[in-house]
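Here is a quick briefing to read alongside the model. Have the sequence and the 3D view open as you go.

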Amino acid sequence: MRFNQLRLLLEHFVNCREEMRVVYRRLEMNADAERVRMLLNYLQHQEKENTAHVKEFISQAKPELLDTWTDIRAEHDLVDKMAKVSLPANMSSDDVMSLALDLSEQSLDLLRQAKDGFSMLAEQQFLANLIEHQEKRQQQMVHATHRLDDI
């Protein structure tokens, strides 16, 4: 479907973040190293909180804003890609972080494309606020994993 309402794009974004949590859980069950399992458990927790925040953010938005149409498509390629993600049992923390950042950036690209596609300031600002919050959470995740490495 070529045209989507902002609400559907945001629901797709939430679905991507929920699928990331599933990926981290699957990898955690396969990981050999305790430190990597701790990292993957942390990432699952982060995605659970992230999803709850985005859902709350959406619930506070004005309905007319969420009903705005855009020609940005919600691609399901990322969800399909995540279903196929695997890392070897001897994965390192760096492997996991590289994957986590890649998946996070790909999911954020959908929001960035939508923000750039809107001509109305209200929609752009709404998405800019959501993107900013997501980027801050991503930075916190990186800092927390560096602290884990320092332990």
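This is a predicted model: local features need pLDDT of at least 70, side-chain atom pairs count only at pLDDT 80 or more; totals for chains, interfaces and linings use all residues.

Which residues does Val96 touch, not counting residues up to four places away in sequence? They are Val36, Leu39, Leu40, Leu43, Leu87 and Met91, where touching, or contact, means heavy atoms within 4.5 Å.

Before going on, a word on ground rules. Residues are numbered from 1 along each chain as its sequence is written, and side-chain values use heavy atoms, with hydrogens and water left out.**Overall layout**

- The chain has six helices and two strands, taken as DSSP runs numbered from the N terminus (helices are H or I with at least four residues, strands are E with at least two).
- Reading from the N terminus, the order of elements is β-α-α-α-β-α-α-α.
- Along its principal axes, the C-alpha trace spans about 50 × 30 × 20 Å.
- Of the contacts between residues at least 6 apart in sequence, 83% join residues at least 24 apart.

- Of the 151 residues, 44% count as buried (buried is under 20% relative accessible area, exposed is over 50%, and partly exposed is in between, with a 1.4 Å probe and protein chains only).

**The nonpolar cores**

- In soluble globular proteins, nonpolar side chains tend to be buried together.
- The largest nonpolar core here holds 23 residues, and Tyr24, Leu40, Leu43, Met91 and Val96 touch the most other members.
- Helices H1, H2, H4 (77-84), H5 (93-117) and H6 (121-150) each supply at least two residues of this core.
- A second, separate core of 21 residues includes Leu10, Phe57, Leu110 and Phe118.
- A nonpolar core means a set of buried Ala, Val, Leu, Ile, Met, Phe, Trp, Tyr and Cys residues joined through side-chain atoms within 4.5 Å.

- Leu78 is in helix H4 and counts as buried because its relative accessibility is 9%.
- Setting aside residues up to four places away in sequence, Leu78 touches Cys16, Leu103, Gln106 and Ser107.
- Leu78 and Met20 sit 58 residues apart along the chain, with 9.8 Å between their C-alpha atoms.
- Leu99 lies in helix H5 and is also buried, at 13% relative accessibility.
- Beyond its neighbours within four places in sequence, Leu99 is in contact with Val23, Leu27, Val85 and Leu87.
- Leu99 and Asn129 are 30 residues apart in sequence and 25 Å apart in space, C-alpha to C-alpha.

**Two partly exposed residues**

- Ala33 is in the loop between helix H1 (6-30) and helix H2 (34-59), and its relative accessible area of 32% makes it partly exposed.
- The C-alpha atoms of Ala33 and Asn90 are separated by 6.9 Å, although the two residues are 57 residues apart along the chain.
- Asp95 is in helix H5 and is partly exposed, with a relative accessible area of 36%.
- From C-alpha to C-alpha, Asp95 and Arg26 are 15 Å apart in space, and they are 69 residues apart in sequence.
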